[in-house]
Amino acid sequence: MKQTNWYRIGCLLTASLLLAACGSSSSSGSSSGSMNGGSGAAQNQQGAWRAGLSMVTRADSEERAGEIHTILAAVLLDEDGRIVQVSLDELESSITADANGVVAMPTDYRTKRQKGEKDYPLGAVSSIEKGWAEQADFFGEYLAGMTGEQVEKLETDKDGYASDPDLLSGCTITVEGYRDAVARACELAQPVGSASGDTLTLGVEVSSPAGAELKATEDKDAAAKVDINAVAITMDKAGRVTGAVWDEAEPQLTVGTDGMVDAPDEVLSKLELGEDYGMRDASALGKEWYEHSEGFCDYLKGKTAEQIEAIPTDGSAADLKSLCTIGIEDVQKALLKALESQAAA
C-alpha cells in the first residue's frame, strides 16, 4: 500500500503558481489574468492588500485502513506582503475496510475548529491547558508581521514542533504542517479587494458522495472520496464582503475487493490543477473551474451574511449565471460557517 509525505511547496506544478485568487475589480470575473499566466492583478497592484488560501492534503493507507488529512490556511497580507491575519483549520478523516471490500466511511466530517473543545478536547491533555483552536490562533498571531519567505524558514525540531520557546509558550502542537500551509497561502495570495481594517475568516464544508458505507465489486473498486470546500473571505467593518477565495479538493482512497486500501501519491486542489482540471470543454460558459470560482467570488463582493444566505443554490440567480454555473451549495455552507464563526468571535 502507498504512503505519501507532506505535499511540499517547492514541488507544485507550474500551473499552480499561476493561480489567482477569486475576485478582481471586474464584476465579470475576467480581469484577473494571472490564472492563465498573464500580467494579472499581482503585477498591476503591487501595493494592494492580498488574500490567500491553501489546502495541503496528505492521503495515507496501510492494509485495510486509510486516512485523509488536510490542513487549511487563509492569510491576509498588507501592501508590503506581511501577514496581518492567519486563520487555520484541519480535517482528519479515516476509513476502514473488511476482507470483503466493505468500506466504513466517517460519520463526522467536522474540522478540528468546528468540533471545538467539547468534541476535540485537546485542552484537557495539553501541558499548557489550551485547546486546538487556542493554540492554532496563537501560532497565527505569532506569524503576524512576517512575510511568506520568513514563515517558510520557521525552525522546527525533527518531530515538527516549534523551536522558539516564545512560540512553545502558547502552542505545543506540531506546527510544521501549519507553517507549510501558511507559507503556501502567502505564495498564492492575490489582490481580491481586501483593505486595511478588513477581517479575515475561513470557512470549510466537508461531505462525501459515498455515504456512510460502500463496497468494492469484482467490476469496480470502491472510491472512498471526500469533498472539501474551503473559502477565505475578508469583510469590512460594515459586515460586507470585500474579497474571497474559493477552492475545492476531492481526495480519494481506493479499496479493492480484498479490502486493501490504496492512497494517491499526490492530492491537488482544483485551483492548483488549473487548466489540468479539464472542465472547460464541458462548461456551458466555456470556462475552467477556477474561472467559475473566480466569478462566484466576484459575485460575493459587497454582500452581507443575510444576502449570502439568500443566494439560491439552484442556479436561478440571473446575475450569477454568466459568472458561475457550477454547484455552489457546499461553498455557500462554508461561507455561512465562516460568517457564523466571525459573528461569534
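How many helices and strands does the secondary structure of the chain come to? It comes to 11 helices and 11 strands, where helices (H or I, at least four residues) and strands (E, at least two) are DSSP runs, numbered from the N terminus. A heads-up: this is a predicted model, in which local features need pLDDT of at least 70, side-chain atom pairs count only at pLDDT 80 or more, and totals for chains, interfaces and linings use all residues. Residues are numbered from 1 along each chain as its sequence is written, and side-chain values use heavy atoms, with hydrogens and water left out.

**The chain overall**

- Of the 345 residues, 52% count as buried; buried is under 20% relative accessible area, exposed over 50%, and partly exposed in between (1.4 Å probe, protein chains only).
- Take the contacts (heavy atoms within 4.5 Å) between residues at least 6 apart in sequence, and 68% of them join residues at least 24 apart.
- The accessible surface of the chain is about 15100 Å², with 46% of that belonging to carbon and sulfur atoms; the areas come from the Shrake-Rupley method with a 1.4 Å probe, and for residues only the protein chains shown count as cover.

**The largest pocket**

- This one has a volume of about 350 Å³.
- Its lining has 15 residues, and Gln85, Val86, Ser87, Arg113 and Asp137 are the closest to the centre.
- At least two lining residues each come from β3 (83-97), α4 (132-142), β5 (199-207) and α11 (329-344), and β3 gives the largest share, 4 residues.
- By type, the lining splits into 6 nonpolar, 6 polar and 3 charged residues; Ala, Val, Leu, Ile, Met, Phe, Trp, Tyr, Cys and Pro count as nonpolar, Asp, Glu, Lys and Arg as charged, and the others, Gly among them, as polar.
- As for the terms, on a 1 Å grid over the protein atoms alone, a pocket is an open set of points with protein on both sides within 12 Å along at least five of seven lines, and lining residues have an atom within 4 Å of a point.
- Grid points are joined across faces, edges and corners, and a volume is the space filled by probe spheres set on the points.

**The second largest pocket**

- Here the volume is about 230 Å³.
- There are 20 lining residues, with Glu90, Ile173, Thr174, Val175 and Tyr178 nearest the centre.
- β2 (65-77), β3, α4 and α7 (176-188) give two or more residues each to this lining, and the largest share, 3 residues, is from α7.
- The lining divides into 8 nonpolar, 7 polar and 5 charged residues.

**Two buried polar residues**

- Gln135 sits in helix α4 and is buried, at 0% relative accessibility.
- A polar atom of the Gln135 side chain lies 3.1 Å from the backbone nitrogen of Ile173.
- Leaving out residues up to four places away in sequence, Gln135 touches Leu122, Ser126, Ile128, Lys130, Gly170, Cys171, Thr172 and Ile173.
- Ser283 is in the loop between α8 (270-273) and α9 (289-300), and is buried too, with a relative accessible area of 11%.
- The Ser283 side chain makes a polar contact with the side chain of His292 (3.0 Å); such a contact is a pair of N or O atoms within 3.5 Å, and within protein one must be able to donate a hydrogen and the other to accept it, while residues adjacent in sequence count only if both atoms are side-chain atoms.

**Positive phi**

- Most residues other than glycine have a negative phi.
- Glu63, in the loop between β1 (50-62) and β2, has a positive phi near 55° and is exposed at 53% relative accessible area.
- Glu129, in the loop between α3 (112-119) and α4, has a positive phi near 55° and is exposed at 66%.

Note on methods: 1 Å grid on protein atoms, 1.4 Å probe; cavity = no way out; pocket = protein on both sides within 12 Å on 5 of 7 lines; lining within 4 Å.
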